[in-house]
Amino acid sequence: MRAILQRVSRASVSVEGKIVGAIDEPGLLVLAGATHTDSEAEAALLAQKIWNLRILEGERSCSDVSAPLLVVSQFTLYADTRRGRRPSWSAAAPGEISEPLIDSLVAALRELGAHVETGVFGAMMEVELVNSGPFTISLDTEDFAKPRRG
């Protein structure tokens, strides 16, 4: 799985002009996507990393300060732009695979004690945020699931 984390002062997501998820205090906006080979194990691993990563003010984690998260599904994280002018989405898992994985990520975060708001899977969403820092990082379970060498 892949995620873009943005440290925010506040963030919201709307569908058809109606806010469906919002955080009104410092926390993280998490844009999350899945590929064909991902599983619930990757979702749980990603949740652990997100919840415990010390990237908030004062090098604290969401778990340290009970910071809220807004999780928004985003298949475009798996865009392949190496050829031509039109991205390929072939690496992004189809909805029947990715929706349960995004749900698993949200459930795993909640099991860890996180307050999680969400968007609506598959909907055309508008995301508003105030990026604090600005501070944005990317996570890929493929990168941190492997043992580190030397």
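Just after helix 3, G113 takes a positive phi of about 110 degrees. Helices here are DSSP runs of H or I with at least four residues, strands are runs of E with at least two, and both are numbered from the N terminus. Everything comes from a predicted model, where local features need pLDDT of at least 70, side-chain atom pairs count only at pLDDT 80 or more, and totals for chains, interfaces and linings use all residues. Residues are numbered from 1 along each chain as its sequence is written, and side-chain values use heavy atoms, with hydrogens and water left out.

Helix 3 itself has 17 residues and spans 24 Å from its first C-alpha to its last, close to the 24 Å expected at 1.5 Å a residue (the expected span being 1.5 Å times one less than the number of residues). Its buried residues are S98, L101, I102, S104, L105, V106, A108 and L109; buried means under 20% relative accessible area, with exposed over 50% and partly exposed in between, for a 1.4 Å probe and protein chains only. The cover over these buried positions includes strand 3, helix 1 (40–52), strand 4 and strand 5 (116–118). S104 counts as buried because its relative accessible area is 15%. Leaving aside neighbours within four places in sequence, S104 is in contact (heavy atoms within 4.5 Å) with E40 and A43.

On to the pockets. Rolling a probe the size of a water molecule over the atoms shows where empty space is left. A pocket is an open set of points on a 1 Å grid over the protein atoms alone, where a 1.4 Å probe fits, with protein on both sides within 12 Å along at least five of seven lines; lining residues have an atom within 4 Å of a point. Grid points are joined across faces, edges and corners, and a volume is the space filled by probe spheres set on the points.

The largest pocket comes out at about 320 Å³. Of its 18 lining residues, S73, Q74, F75, A123 and M125 are the closest to the centre. Two or more lining residues come from each of strand 3 (27–33), strand 4 (69–73), helix 3 (95–111) and strand 6 (125–140), with helix 3 giving the largest share, three residues. By class, the lining has 11 nonpolar, seven polar and no charged residues (nonpolar is Ala, Val, Leu, Ile, Met, Phe, Trp, Tyr, Cys and Pro; charged is Asp, Glu, Lys and Arg; the others, Gly among them, are polar).

The second largest pocket has a volume of about 150 Å³. Its lining includes R7, E57 and R60, and divides into five nonpolar, three polar and three charged residues. Strand 1 (residues 2–15) gives the most to this lining, with three residues.
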